[in-house]
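Please consult the sequence and the structure shown below while reading.

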Amino acid sequence: MQDILNEIITHKKREVARQIEEHPLSMLKQRLSVESVPFYSLKTALEKSSTGIIAEFKRRSPSKGWINRSAEATTVVQAYELAGAAALSVLTDEPYFGGTLTDLRAATKSVSIPVMRKEFIVDEYQIYDAKLSGASAILLIAAAITKEESKRFTELAGELHLEVLLELHDERETEYITEHNRLIGINNRNLGSFVTDIQKSFRMIDLLPREALLISESGISDPQVVRELRDAGYRGFLIGENFMKSDDPGESLGAFLKDIERL
């Protein structure tokens, strides 16, 4: 199967280059120097949560096409917060996932819980854009960047008062972990083939630093699996498609949380 990740990264680098040409980084830095952006800690929210659900706003995926094409970010994230989400994730890639920075801005203005910008970050420009859009956290995908870039982007995020979720996909990527990575995610989905394997989270947990807060991502649709992952040591669970495919994502999340509490 074609390596979708490489295709996305190639496209993303061209996209960011156009953005920089239209709105130089100096403009973003100037705006940040005068604008005040609220911050909600993703790590703290997950530590305090009894369920740890990071509910995701996601319209489509490269493997399954449109999931919820007409979904409005403001409506969905407010419903997520009301239903009891610990935090939110908003996809901002448009060609492959149907998301935009406009969705992120709408989300961060509508809720009072942490919102993470979920994006294929390949340039520091995107980190400044995330902060200006109101995000409290960003995703860094190890498979999309070098170890040096991961370290540099993490340090920049810290300077901008943004938390970083470092996303790993296999054992080799544990080399990306530094003392600055306090949020570490295991993506159960292979970004080359988009095949999902929940057991990846269980297999890799012994390779991860116990002082970090651990998050399992993708392919989670069973409340029992959440309980088993919590017992294994995970405190965060990134779930999008399972809720977004329903007519009412907030209601779907609420029912999911009740099922977890019954276990």
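In strand S8, Leu183, Gly185 and Asn187 point one way, Ile184 and Ile186 point the other way, and all are buried; buried means under 20% relative accessible area, exposed over 50%, and partly exposed in between (1.4 Å probe, protein chains only). In a regular strand the side chains alternate between the two faces of the sheet. S8 covers residues 183-187, and five of its five residues are buried. Helices (H or I, at least four residues) and strands (E, at least two) are DSSP runs, numbered from the N terminus.

The model is predicted: local features need pLDDT of at least 70, side-chain atom pairs count only at pLDDT 80 or more, and totals for chains, interfaces and linings use all residues. Residues are numbered from 1 along each chain as its sequence is written, and side-chain values use heavy atoms, with hydrogens and water left out.

S8 runs parallel to S7, to which four bridges join it, and leucine 165 has leucine 183 of S8 as its bridge partner. S8 also runs parallel to S9, through five bridges; here isoleucine 184 is partnered by leucine 214 of S9. Two strands pair if DSSP finds at least two bridges between them.

Most residues other than glycine have a negative phi. Serine 218, in the loop between strand S9 (213-217) and helix H10 (223-232), instead has a positive phi of about 75°. Serine 218 is buried, with a relative accessible area of 8%. Histidine 161 lies in the loop between helix H8 (147-159) and strand S7 (163-168), and its phi is near 60°. Histidine 161 is partly exposed, at 48% relative accessible area.

On a 1 Å grid over the protein atoms alone, a pocket is an open set of points where a 1.4 Å probe fits, with protein on both sides within 12 Å along at least five of seven lines; lining residues have an atom within 4 Å of a point. A volume is the space filled by probe spheres set on the points, which are joined across faces, edges and corners.

| Largest | about 450 Å³ | Lys58, Arg189, Ser218, Gly219 and Glu241 |

The lining of the largest pocket divides into ten nonpolar, nine polar and nine charged residues. For the second largest pocket, the lining divides into five nonpolar, five polar and seven charged residues, and H2 gives the most to it, with three residues. Ala, Val, Leu, Ile, Met, Phe, Trp, Tyr, Cys and Pro count as nonpolar, Asp, Glu, Lys and Arg as charged, and the others, Gly among them, as polar.
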